[in-house]
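Biologist: Please show me the model, and then let us go through the labels on it one by one.

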Amino acid sequence: MRTSYTSIFIILLLFSGCHLFESTKVPSKEIKTASSWSEKDQGPNFNECDDFENDQEKKDCFESIISNSILDYLDQNLLESSESISEEINIILKIDKEGYFSLEEYNGSSKIDQAIPSLKEQLEIAVSLIPQAQPAVKTNVGTFVSTKLNLPIVITAQ
């Protein structure tokens, strides 16, 4: 009789615990909404920009550090052009989850690439030398995320 009570108890325990094995499906729309960037999320930043209270001032500070870092490198490593040029290129920078920068995409024209063949490689080096930033934070999940930044650059050569 004791065995039958034990068997019944085990069977009841198994049936009552089945809900623990059910899968929960989260709609893809809900996932997309939760992972979309919101105003509450924090973009990447440099420690030097923390003193600014205004968001626009922080953004300007952040962009200034990036621009100055790239310009300083290019000023120290002058590039030579085979012809006179004045064009704008766009590069896309990736700021990873640890705050390191890399050149994600380079959109130079064939004219610039022919006139300054080493431009892309020099930009890759310049971007890699940008100081480490505080990475972006997705605040609703409290985790660091990678971000991308579009940076237009005007190339002029005589």
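**Labels and their cut-offs**

Modeller: In a salt bridge, the side chains of glutamate 104 and lysine 148 meet at 3.4 Å, N to O. The model is predicted: local features need pLDDT of at least 70, side-chain atom pairs count only at pLDDT 80 or more, and totals for chains, interfaces and linings use all residues. Residues are numbered from 1 along each chain as its sequence is written, and side-chain values use heavy atoms, with hydrogens and water left out.

Biologist: Why is the pair glutamate 104 and lysine 148 called a salt bridge?

Modeller: The term requires a side-chain nitrogen of Lys or Arg within 4 Å of a carboxyl oxygen of Asp or Glu. The N to O value for glutamate 104 and lysine 148 is 3.4 Å, so the pair qualifies. Strands (E, at least two residues) and helices (H or I, at least four) are DSSP runs, numbered from the N terminus.

Biologist: What makes lysine 148 exposed?

Modeller: Exposed means over 50% relative accessible area, buried under 20%, and partly exposed in between (1.4 Å probe, protein chains only). Lysine 148 has 57%, so lysine 148 is exposed. Glutamate 104, with 39%, is partly exposed.

Biologist: How many salt bridges does the rule give?

Modeller: The count is 2. One of them joins glutamate 63 to lysine 59, with the closest N and O atoms 3.8 Å apart. These two residues are 4 positions apart in helix H3, which means a separation of about one helical turn. Glutamate 63 is partly exposed at 30%, and lysine 59 is partly exposed at 45%.

Biologist: How do you know that cysteine 49 and cysteine 61 form a disulfide?

Modeller: A disulfide is a pair of cysteine sulfur atoms within 2.5 Å. The S to S distance of cysteine 49 and cysteine 61 is 2.0 Å, so the pair counts. The total is 1 disulfide. Cysteine 49 sits in the loop between helix H2 (28-35) and helix H3 (55-76), and cysteine 61 in helix H3, 12 residues apart. Both cysteine 49 and cysteine 61 are buried.

Biologist: Is the disulfide of cysteine 49 and cysteine 61 left-handed or right-handed, and why?

Modeller: The torsion about the S-S bond is about -80°, so the disulfide is left-handed.

Biologist: How many helices and strands does the protein chain have?

Modeller: The protein chain has 5 helices and 5 strands, in the order α-α-α-β-β-α-α-β-β-β along the sequence.
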